[in-house]
Amino acid sequence: MVNEQSSSNAHLEKGKALASVLFDYKLSDLDHLSSSHPNLRKEYALLTDAEFKDVVSQVRTAKIAQQQRYGWHLIPRDLTVILVTAFTWLLNDWKLPLVIGIFLLILLANIFAVRFSEKLSPILGTSVWINYLALAAYGWYFLRNGNPWYIALSAVLGLALGSMLLVGFNRMMLAAMAKARSDAASRSVAESQRSSEKAEK
């Protein structure tokens, strides 16, 4: 019984070690990774072919989920760029749409930070391609209104980089707030434990 438990633990540890190594692989490499891979099979010979394939499958699923979540957090930026461009053309003005875009980006980033939809992720993820067309249309707006090419290019870069920086800053703020809440909860639990220990004494 003890030997079986020890063997099971050894297999589990080898599986974890293999998963850690495979997580650095690209998805395309994982798709073509054979359970007879000479170097890996030599190092993780303790694992059976079925266990090896299972670890590869789990790592692949985890990496796909990670990419979906990363893409999910970029959707607010893409949607904002599309809407800012649309408003710029509709209103024939670039100042008001930018102000609206800042508030819209912060709102969407906060919503997308607390809510993840596996079903909507692939659908909304296509906004990244529309985003490129929107940036081109944004630059064309300035060219059409008689601005020189470098002004149009600056506007496009400003919208693209500015929205990216704003999303990054917003995520940092949300992470800091979440950490502050977690620390406050930990302090509260620690204080209540000390209070109960004093009461018992």
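Predicted model: local features only at pLDDT ≥ 70, side-chain atom pairs only at ≥ 80, totals over all residues.
Let me begin with I102, which is found in helix α5, where helices are DSSP runs of H or I of at least four residues and strands are runs of E of at least two, numbered from the N terminus. I102 is partly exposed, with a relative accessible area of 43%; by the convention used here, buried means under 20% relative accessible area, exposed means over 50%, and partly exposed lies in between, with a 1.4 Å probe and protein chains only.

Residues are numbered from 1 along each chain as its sequence is written, and side-chain values use heavy atoms, with hydrogens and water left out.

On confidence, pLDDT is the predictor's confidence in each residue, from 0 to 100; the mean for this chain is 80, and 84% of its residues reach 70 or more.

As for the overall layout, the chain has eight helices and zero strands. Buried residues make up 25% of the 201 residues in the chain. If we take contact to mean heavy atoms within 4.5 Å, then residues 24 or more positions apart account for 72% of the contacts with a separation of 6 or more. The chain exposes about 13,700 Å², of which carbon and sulfur atoms supply 63%; these accessible areas come from the Shrake-Rupley method with a 1.4 Å probe, and for residues only the protein chains shown count as cover.

Now back to the surroundings of I102. Which residues make the nonpolar surface patch of about 900 Å²? The patch is made by L83, F87, L90, L91, L96, V99, I100, I102, F103 and I106. For the definition, patches are made of residues with over 30% relative accessible area and no salt bridge, with like charges joined within 9 Å and nonpolar side chains (Val, Leu, Ile, Met, Phe, Trp, Tyr) joined within 5 Å. Helices α4 and α5 (95–114) each supply at least two residues of this patch, and the largest share, six residues, comes from α5.

Between these two helices there is a loop, and N92 lies in it. N92 has a positive phi of about 55° although it is not a glycine, and at 47% relative accessibility N92 counts as partly exposed.

Turning to the interior, a nonpolar core is a set of buried Ala, Val, Leu, Ile, Met, Phe, Trp, Tyr and Cys residues joined through side-chain atoms within 4.5 Å. The largest such core has 12 residues, among them V81, V84, Y138, F142 and L159. To this core α4 (49–91), α7 (127–144) and α8 (149–200) each supply at least two residues. A second, separate core of 10 residues includes L22, L27, L40 and F52.

Leaving aside its neighbours within four places in sequence, V81 is in contact with N131, A134, L135, L159 and S163. T85 is also placed in helix α4 and is buried, with a relative accessible area of 4%; with the neighbours within four places again left aside, T85 is in contact with A134, A137, Y138 and L159.

In helix α8 we find N170, which is buried, with a relative accessible area of 10%. Beyond its neighbours within four places in sequence, N170 is in contact with I106, A109 and N110.

How many salt bridges does a search of the whole structure find? The search finds one, taking a salt bridge as a side-chain nitrogen of Lys or Arg within 4 Å of a carboxyl oxygen of Asp or Glu. In it the side chains of R77 and D78 meet at 3.1 Å, N to O. R77 counts as buried at 11% relative accessibility, and D78 is buried as well, with a relative accessible area of 3%.

Finally, S28 is placed in helix α2 (residues 27–31) and, at 40% relative accessibility, counts as partly exposed. S28 and R60 are 32 residues apart in sequence, and their C-alpha atoms are 9.6 Å apart in space.
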